[in-house]
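Hi,

Here is the structure I promised to pass on to you. Have a look at it first, and then read on for what turned up.

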Amino acid sequence: MSRTTHLPVRRAVPDRDEAATTAPDRTTPRRRAHSRHWTAWGFLTPVTLYLILFYAYPLYRNLDLSLRDYTVRSFVQGGAPFTGLANYQTVFDDPTFAPALAHTVMFTAVCLFFQYAIGLALAVFFNQHFRLSAPLRALFLVPWLLPLIVSASTWSWMLNSDSGIVNAVLNTVGVDSVNWLTSPSWSLTSVIIANIWIGVPFNLVVLHSGLQSIPSSLYEAAALDGAGAWRRFWSITLPLLRPVSAVTLLLGLIYTLKVFDIIWIMSKGGPADSSTTFATWSYRLGFGNLVPAFGPGAAVGNLLVAAAVVFGLVHLRVQRKQYAS
């Protein structure tokens, strides 16, 4: 018998180049993570540049203006001497500071209250979903869509002492004409009325969208329990609308603090500074005089920025406490 011997089978050993190509790439996850990192920065770069160019740099320049003694020449060529907080001291010692502060607080508080109250009332009204709800709601957006210069000019014509339609209506019912824009007693009231009219549509839109998120089943259950309309409003609508209301009031506060166009076009802060706010005072200091005071004007502007930041931080703190509870 012939004996067959089985020789061991030798496997081909790949060369180094083949082994390098077939071996698993252990650096792939790291490369992918690195690629995702740069992709994220690529998406963030436009936003970051926008914030730096249009927010961070102007704030820095405004802060620098308030800490130096700038003139027209040094504003263009540079080299303004550093004065520290001297410009802020000048602002605090100015006799216009106290009236401007009072007018700013009154203007902001009254506008916020009536804009929110009227906007909430209209939002609840249009939430009934009657036949003309959508067209009428669209008409209420007109003041919000108009340019501010158009709205302010329209109100200036309506409140004109001689030819205004408001005084014409008052005269027809036997009431004497009112010097809305030329009387120190009425000028601030006039700009407040105009700003309320402009800000109501914004509150209407935001609060109406918040009402849409409240389940109708809650109102139905409350009605079955015997709760009336006012009870349902105070116990269901207002509590569930609190987050939307907080955002609405915060945005309205920031907008109202910096209102300039309406006041300047209608009254220019007068007469006798009776409607001057920090916004109009800052502009008048920096650009409204033959000899501009860039430093004090920037200091007044920074006071407005500080007030907006403080209210924003308070809002964030309150929101955190609500979410934590």
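Pro271 sits in the loop between helix 14 and helix 15, and the peptide bond that joins Gly270 to Pro271 is cis, with omega at about -5°. Please keep in mind that this is a predicted model, and that goes for this bond as well as for everything below.

Phi of Ala272 is near 55°, which is a positive value in a residue other than glycine. Asp273 has its place in the loop between helix 14 and helix 15 too, and phi is near 60° there, again positive in a residue other than glycine. Are these two residues buried or exposed? Ala272 is exposed, with a relative accessible area of 75%, while Asp273 is partly exposed at 26%.

The largest pocket holds about 680 Å³ of space. Of the 23 residues lining this pocket, Asn62, Ser282, Gly301, Leu304 and Val305 are the closest to its centre. Which elements give two or more residues to the lining? They are helix 2 (28–66), helix 13 (242–257), helix 15 (278–287) and helix 16 (294–324). Sorted by class, the lining of the largest pocket has 16 nonpolar residues, five polar ones and two charged ones.

The second largest pocket comes to about 370 Å³. Its lining includes Val124, Asn127, Gln128, Leu211 and Ile214, and also Tyr219, Trp230, Arg232 and Phe233. Helix 11 (216–224) and helix 12 (229–240) each supply at least two of the lining residues, and the largest share, five residues, comes from helix 12. By class, this lining has seven nonpolar, four polar and one charged residues.

Next, the inside of the protein. In soluble globular proteins, nonpolar side chains tend to be buried together. Here the largest nonpolar core has 32 residues, and Phe107 and Met266 are those with the most contacts inside it. Helix 5, helix 8 (148–158), helix 10 (187–212), helix 12 and helix 14 (261–266) each supply at least two residues of this core. Which helix gives the most? That is helix 10, with 10 residues.

Helix 4 (residues 86–93) has its own set of buried residues: Asn87, Tyr88 and Val91. Why do they line one face of the helix? Seen down the axis of helix 4, the buried residues fall within an arc of 100°, and therefore they line one face.

A search of the whole structure finds 20 aromatic pairs. One of them is formed by Phe125 and Phe126, which are edge-to-face, at 5.3 Å centre to centre and with 65° between the planes. Phe125 is partly exposed at 44% relative accessibility, whereas Phe126 is buried, with a relative accessible area of 1%. Phe260 and Trp264 make a stacked pair, because their ring centres are 5.6 Å apart and their planes are at 25°, and planes under 30 degrees apart count as stacked. Phe260 counts as partly exposed, at 21% relative accessibility; the cut-off for buried is under 20%. Ring pairs also link Phe260 and Trp264 with Tyr283, Phe287 and Phe294 into a cluster.

Ala121 counts as partly exposed, with 47% relative accessibility. The C-alpha atoms of Ala121 and Leu204 are separated by 8.3 Å, although these two residues are 83 residues apart along the chain.

Happy browsing, and best wishes

Technical notes: Residues are numbered from 1 along each chain as its sequence is written. This is a predicted model: local features need pLDDT of at least 70, side-chain atom pairs count only at pLDDT 80 or more; totals for chains, interfaces and linings use all residues. Side-chain values use heavy atoms; hydrogens and water are left out. Rings of Phe, Tyr and Trp (its six-membered ring) pair if their centres lie within 6.5 Å; planes under 30 degrees apart count as stacked, over 60 as edge-to-face and the rest as tilted. Buried means under 20% relative accessible area, exposed over 50%, partly exposed in between (1.4 Å probe, protein chains only). Helices (H or I, at least four residues) and strands (E, at least two) are DSSP runs, numbered from the N terminus. The arc is that of the directions from the helix axis to the C-beta atoms. On a 1 Å grid over the protein atoms alone, a cavity is a set of points where a 1.4 Å probe fits but cannot get out, and a pocket is an open set with protein on both sides within 12 Å along at least five of seven lines; lining residues have an atom within 4 Å of a point. Grid points are joined across faces, edges and corners, and a volume is the space filled by probe spheres set on the points. Ala, Val, Leu, Ile, Met, Phe, Trp, Tyr, Cys and Pro count as nonpolar, Asp, Glu, Lys and Arg as charged, and the others, Gly among them, as polar. A nonpolar core is a set of buried Ala, Val, Leu, Ile, Met, Phe, Trp, Tyr and Cys residues joined through side-chain atoms within 4.5 Å.
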